[in-house]
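Here is a friendly walk through one protein model, written for someone meeting it for the first time. Keep the picture open as you read.

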Amino acid sequence: MSDIEYFRIRPCEKTFSMLNRLDCINTRIQWLAVISVIFGFLVFFSLNQTNWGEVIATLTTQSKVLNNESDASLDSLNHKMNCKSKTVCGTHWRLVSWEDAIKAFSDQTMDACNNTCDTSDNASDCSSFTKEDWSRRLTAGDFIARPFLKDGMYIYEFEKEYLSYPPLEDMKQLPVLNLSKITVFGSINDTVHCDIGDVINGRVDLVDSYGQPRHKGGDEVRMWLVSKSEKQFRTSGHVTDLNNGSYLFNGLCLWPGNIQINVAVVYPSEYIRATIHQAQLSASRFIYGNFVNNTTQEATICWSLPNIIGRSCVCNLTHITGQSLYCGKPTDTRLTCKDWAATSAAPLIQPINVTMQERNLIQRMPTKYILKRTIPHNIQLLVNEKGKLPKLKPCSETSLNVTWNLTTPGGFWEPNMKWTSLQCERPPLSSPWAMSCLKNTTIMIFGDSNAVRVFNVLSQVTHCTGLSSSLWPKAGTCRNKDANIILSFTPHELPLYQHASWTPKLNYKGVAEQIYTTPSVGKYIIIVHYYLHATPSHLSVVHSRIKSLAESIRHLARRNPDVLFAFRGPHVTSFDWDINHTTGGDSLGKFYLQLIQETFQDLRDKIVYLDGWGMTLAIENAEFHPTDRVPQEMIRTLLSFRCNETGYVPR
């Protein structure tokens, strides 16, 4: 059954052929319509005044009317039977592009557009002029949300799927961990044996509080393996949604001993529906913009989309940052969009237009770490000491494509948080090796505070100096003059949630534009990370940024063969903002991962994918910033593709 057929069920295909429609005629009204069409045809024919073009047009028109009447009656019936959501039901789903969605707000970004607060229906929107004013209103919910997408519109197919479900009204419909069941194929008396290198497969069947199986998919189910001994080994597994309330999972037997199989329902589909709904309504985390001209200043809300809260006219600042950025236009006529001078972080807002049950679900999520969302079971996984893992080639002799296979784990954690790669052989990370590898190389890092942590690992192993202050949220550069290594960090484009105090406007271009200007000669490593500052907006925002990034990589790769690119992927973070847990975080992570893989499909032989998802799932990460071992192992992997044990290896 197609996505749309969940609430719009028709007995047959639409067609303009009356003969093909006969088996769809079920009512007296429909039969009368057919007879009238045939009678009209005979009258035209008998009078010998037939214009065949007009006849065909007439038949087509009347057939369309018949279709529409039949559809309308069926829509009405299905609406009465199945429709519980005013947000979804009664709308005609329409796929729109990112560009079209932005274009819908173009009138509000024109220079001629001026805020008219004294005559607006929302005159109270102009009662805020300072950051403190806005903070009070956002915290209290004293504002009118301006949705990015209208009812019935969507950019991605998964949005249409989830929003076709009604909002959560009954908490008993949610999956219940204690009633759900895990099955491991090949187990005997709840025990399964395997050798090192074997694959285990299983299924999880979700059950609700009524004891009924879940009949739809879309839940975020994750699986990972952990040794039960004190010396813990850890690795991630893979889950496949069967779209019927059941999920297949698989994992690798990688070390001997007694292994714990963990399967967690991290987010039920009802929660993900609420997250997508909040993104469409633009219930997000915003930043403030300060406009200053001499002694005149005014604060407004800024964001990556033009549907700004509190101002009907907005400033389009995209040309400054290189990616979409908008701020509410000041109401004071002494200030213009050119007077934008600084930004600061705004507080989270409460969920918008949700049911009581959805609000409860959204706000209780951060109180549960991922281990508290696992399905209990008594299955024993015993791994024999037989078998062994395959011998791997050095990463410097391995295609970068191997880093993009996310259906099998890229490695596993050994005791003392040592990462063993299953993709290729890596030299140990040491300062002498790193400096030998990176001699005469410029490393450019773009991103957020997690990208800063990648920068910190590199700065330590290369002993670079020259930073006069802390990087975040500013750009900075350090050097190792003896090895001729230059290491730079630049924050990605706004919005960035920096500090509560004003941060002066950052004077740099977007990531893609800076990559475009990279020289055609010289050794470069370019690392980019987009995640927790971009995903609080609609996913199309971060998608547009990585598409621009991909274009710039294609351009530079053609010009300079000595550039190695790396994309640091998202990581799991099960514990985050408690006011509106749907904002940011990892709840839409699986869709972001799909967008990343699709966007860089033709570039996988030129980009090292640094998989933070598998690494952090295995260690049950909860925080925005995973342990330092994650960026350290990422850098070891990246440099291993660049160099062997003796130094740089051209690709």
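This is a predicted model: local features need pLDDT of at least 70, side-chain atom pairs count only at pLDDT 80 or more; totals for chains, interfaces and linings use all residues.

## Before you start

Residues are numbered from 1 along each chain as its sequence is written, and side-chain values use heavy atoms, with hydrogens and water left out.

Helices and strands come from DSSP: a helix is a run of H or I with at least four residues, a strand is a run of E with at least two, and both are numbered from the N terminus. As for how hidden a residue is, "buried" stands for under 20% relative accessible area, "exposed" for over 50%, and "partly exposed" for what falls in between (1.4 Å probe, protein chains only).

## Charged pairs

Side chains of opposite charge can pair up when their charged atoms come close. A salt bridge here is a side-chain nitrogen of Lys or Arg within 4 Å of a carboxyl oxygen of Asp or Glu, and the structure has 21 of them. Take R234 and E620, whose side chains meet in a salt bridge at 2.9 Å, N to O. R234 sits in strand 7 (residues 234–236) and E620 in the loop between helix 15 (612–618) and helix 16 (629–642), so this pair ties together parts that are 386 residues apart in sequence. Both R234 and E620 are buried.

Another salt bridge joins the side chains of E633 and R426, again with 2.9 Å from N to O. E633 belongs to helix 16, while R426 is found in the loop between strand 18 (418–421) and helix 10 (431–437), so parts that are 207 residues apart in sequence get tied together. E633 counts as buried at 3% relative accessibility, and R426 is buried too, with a relative accessible area of 6%.

Then there's D602, which forms a salt bridge with R554, their closest N and O atoms being 2.9 Å apart. This one links D602, in the loop between helix 14 (589–599) and strand 25 (607–610), to R554 in helix 13 (residues 539–559), 48 residues apart. D602 is partly exposed, with a relative accessible area of 46%. Elsewhere on the list, salt bridges that share partners join R214, K216, D219 and E270 into one network.

## A buried asparagine

Where does N307 sit? Look in the loop between strand 12 (296–303) and strand 13 (314–316). At 1% relative accessibility, N307 counts as buried.

Which residues does N307 touch, leaving aside its neighbours within four places in sequence? With contact taken as heavy atoms within 4.5 Å, they are F105, R146, P147, F148 and S282. Its side chain makes a polar contact of 2.5 Å with the side chain of S282. (A polar contact is a pair of N or O atoms within 3.5 Å; within protein, one must be able to donate a hydrogen and the other to accept it, and residues adjacent in sequence count only if both atoms are side-chain atoms.) A polar atom of the N307 side chain also lies 2.5 Å from the backbone oxygen of R146.

## Sulfur links

How many disulfides are there? Counting pairs of cysteine sulfur atoms within 2.5 Å, the total is seven. One of them joins C194 and C253, with sulfur atoms 2.0 Å apart. The torsion about their S-S bond is about -110°, so this disulfide is left-handed. It links C194 in strand 4 (residues 191–194) with C253 in the loop between strand 9 (246–252) and strand 10 (257–267), 59 residues apart, and both C194 and C253 are buried.

C302 and C327 form another disulfide, their sulfur atoms 1.9 Å apart. Here the S-S torsion is about 105°, so the disulfide is right-handed. C302 lies in strand 12 and C327 in strand 14 (residues 326–328), 25 residues apart. C302 is buried, with a relative accessible area of 0%, and C327 counts as buried at 1%.

C464 and C478 also form a disulfide, with 1.9 Å between their sulfur atoms. At -55° about the S-S bond, the link of C464 and C478 is left-handed.
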